[in-house]
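Welcome! Please take a moment to look over the structure below, and then we will walk through one part of it together.

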Amino acid sequence: MSRLLILGAGIAGQTAALHARPRLSRKHEVVVVSPNSKWNWIPSNIWVGVGYMKAEQVTFSLAPVYKKTGITFHQAKAISIHPEGDSSSSKPYVFIGHTSEDKLGQTEKVSYDYLINATGPKLNFEATKGLGPGKNSLSVCTYSHADETFKHLEEKIERMKKGEEQTFIVGTGHGQSTCQGAAFEYLLNLEFVLRENNVHDRAKIIYLTNEFEVGDFGIGGMFLKQGGYITHSRIFTESLFTERSIQWVTQAHVKEVTPNEVIYENFDGEEKSIKDDFAMLLPPFSGIGLKAYDKNNVDITSLLFASNGFMIVDGDYSKKTYEEWKPSDWPETYQNPKYKNIFAVGIAFAPPHSISKPMINPNGIPIFPTPPRTGMPSGVIARQVALNIVDMINGKYSEPKRKASLTRMGAACIASAGANFFKGTAVSLTMYPIVPDFQKYPDTGRDLKYTSGEIGLAGHWIKLFLHYAFIYKAKANPLWFVVPE
Ligand SMILES: Cc1cc2nc3c(=O)[nH]c(=O)nc-3n(C[C@H](O)[C@H](O)[C@H](O)COP(=O)(O)OP(=O)(O)OC[C@H]3O[C@@H](n4cnc5c(N)ncnc54)[C@H](O)[C@@H]3O)c2cc1C
């Protein structure tokens, strides 16, 4: 009997668990450890943040899904990994702390034969003074953050209806934040809602970002096919913003958020600030802070995790200049080099470096996006890793055979630009590969046959359809597996 232990029940963890369970006989166990009782389709939090959906529409309870699929679920958070066991047993285990009401405060050792770390990001609001819910800015990273953001938005709309002018800042709350796509979506949805409420003319909307230029999205920008022409994503994005009277400030490292001001340092090292009434700023991400210990209880966290807290896998982490970066730097099997039965998928794995060109200002402050790992690659990687582990458990192979490098993987992304069944729009983007390969595609880094971008109403319909399809799949409803990652 083997036990596959999966830490995290987000997009990656859920995908891995659902793919592994039916491929393993019942003598093997699939165990998921995750602190929340609910699953959240995070991309639709954007719509919660503008009132298009309620939190209940983007979440569901995990326990019944695991019960029907035969997956053991501990509502708990992983605290430390013990890949060599301890003085009482050499069996590897993860030390967990329960979070459910009935077991709150209890701890437990959960042993494993194979471990998948799918714990996603820590939303590192502490990196910037005054950043985040409960402090001076808003977020849409969780459904409860998004719910709170919508309440603030409603209040601002009411003020504008009474004749007040309001300044909205949407973007990144730190020089090293990622997930610009989410900020971009919230920005365009906010603008749409203000228009729908006939208060747009009383609003000043500013996109504040750590990107060197808009349209970088943490993937170094891209050339894309649009309406038969090749356009750079900067032009595409600037044009969308101009059409919507959105101003933008790039190359900004936000260093402090006060109740009515965002203070940032720019690429020239100057300190600037913008007064605001509403700031939705995404935090930087780090690993969730798992620790690791060897059999003698010696701290070996640095063997498993990079300094940013993400898990070390089979990437090339040696220090290199931008010019030296190669596609082969990126991991393929997501296996930890020291402990071969440990893998990391989704946001939890440590990227070897950023995708956007690193930029550092004269004061030594890095101002560039760290690499995004969106839903589709997170799911694809999770499936491949789960299938590799299944093959190893079933004795088919002794090492992972399937590979899933971001340098040989495409992605499709639909960014909502306004949610309404008749008047809404979304930007549909495809790219191949996700990480540009300038050896293979010297001019653009990507294959223009598969790299495109269009905006239109059909995009909104597809985004809405995908919302229901991905929740259907995550619930493991009949034929869930026909919905791709
Ligand atoms: C607002 C927003 C909008 C987005 N929109 C899009 C989009 O339109 N398209 C797209 O492709 N991507 C989008 N993304 C990105 C997408 O959400 C991520 O790529 C995806 O969630 C990553 O999956 P993951 O499983 O790695 O992490 P997550 O989905 O964050 O899951 C991590 C899991 O680990 C659990 N966990 C945390 N700590 C512990 C612990 N100590 N022990 C055990 N478990 C733990 C969490 O509770 C969670 O279940 C968006 C992201 C945000 C924030």
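Which unit do strand 10, helix 5 and strand 11 make? Strand 10, helix 5 (residues 180-196) and strand 11 form a right-handed β-α-β unit; right-handed means that, with the strands pointing away from the viewer, the path from the first strand over the helix to the second runs clockwise. Helices (H or I, at least four residues) and strands (E, at least two) are DSSP runs, numbered from the N terminus. Before going on, note that this is a predicted model, in which local features need pLDDT of at least 70, side-chain atom pairs count only at pLDDT 80 or more, and totals for chains, interfaces and linings use all residues. Residues are numbered from 1 along each chain as its sequence is written.

Strand 10 pairs with strand 11 over six bridges, in the parallel sense, and phenylalanine 168 has isoleucine 205 in strand 11 as its bridge partner. Strand 10 also pairs with strand 18 in the parallel sense, over five bridges; here valine 170 has methionine 280 in strand 18 as its bridge partner. Five of the seven residues of strand 10 are buried, so strand 10 is largely enclosed by the rest of the structure. Buried means that 20 or more other C-beta atoms, placed from the backbone, lie within 10 Å of a residue's own.

Further along the sheet, strand 11 (residues 203-208) and strand 14 run parallel, joined by four bridges, and tyrosine 207 stands opposite tryptophan 248 in strand 14.

Methods. Two strands pair if DSSP finds at least two bridges between them. A residue is buried if 20 or more other C-beta atoms lie within 10 Å of its own, exposed if 12 or fewer, and partly exposed in between; C-beta atoms are placed from the backbone.
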